Amino acid sequence: MEEEAEKLKELQNEVEKQMNMSPPPGNAGPVIMSLEEKMEADARSIYVGNVDYGATAEELEAHFHGCGSVNRVTILCDKYTGHPKGFAYIEFSDKESVRTSMALDESLFRGRQIKVIPKRTNRPGISTTDRGFPRTRYRGRGSGYSSSRARFYSGFSSRPRGRAYRGRARGTSWYSPY
């Protein structure tokens, strides 16, 4: 019994030494890139829309193989369900492959007509969802701001808020001592 425990400890020590000596295989974690590096990678990448939900990265790579050397295929998935969203990004090794891949726009992939456009770079501080009006809800009493835009976007309708008095004391003031 003690001999087996010693052998097991020796094996664990050997495994720990190997883990400490060699770096983990593949990509150990997210790579932090500067904005310039992201823009350079995005210049070599394309967006592929209307991708079949059952498509794999290998199938997409094979479809775009004639355009040039493919570095990476990213199929985006919903973070809650894990199901594919229906679009992907393909990064090539050179910028010329992006222009070549534009020829595959509106081509058939797994029975669906795919959309191919160059990938755009997200710039910090620039929002595509900004519509030009403030995102606050106009809830203050007596603010005097009663445009139709405020009522529409704040979720309030034109009916008065508060208690609706019905019954005997409908037209009179309501008094409750407790």
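Which residue lies over the face of Tyr53? Select Tyr53 and look above the ring: Arg112 is there, 5.6 Å from the ring centre. A charge counts as over a ring if NZ of Lys or CZ of Arg is within 6 Å of the ring centre and within 35 degrees of the ring normal.

Before going on, note that this is a predicted model, where local features need pLDDT of at least 70, side-chain atom pairs count only at pLDDT 80 or more, and totals for chains, interfaces and linings use all residues. Residues are numbered from 1 along each chain as its sequence is written, and side-chain values use heavy atoms, with hydrogens and water left out.

**The sheet**

Switch to cartoon. Four strands make an open sheet in the order 2-3-1-6, with antiparallel pairing. Strands here are DSSP runs of E, at least two residues, and helices are runs of H or I, at least four residues, numbered from the N terminus; two strands pair if DSSP finds at least two bridges between them. Strand 2 (70-77) and strand 6 (115-118) are the edges, each with a single partner strand, so one side of each has no neighbour in the sheet.

Now pick strands 2 and 3: six bridges join them, and Ile75 stands opposite Ala88 in strand 3. They form a hairpin with six residues between them, and Gly82 in the turn has a positive phi of about 85°. On the other pairing, strand 1 and strand 6 share four bridges; click Val48 and its bridge partner in strand 6 is Val116.

**The aromatic cluster**

Show Tyr47, Phe87 and Tyr89, which form one aromatic cluster. Rings of Phe, Tyr and Trp (its six-membered ring) pair if their centres lie within 6.5 Å; planes under 30 degrees apart are stacked, over 60 edge-to-face, and the rest tilted. Tyr47 and Phe87 make a tilted pair, 5.6 Å centre to centre with 40° between the planes. Tyr47 lies in strand 1 (residues 45-49) and Phe87 in strand 3 (residues 84-92), so the pair ties together parts 40 residues apart in sequence.
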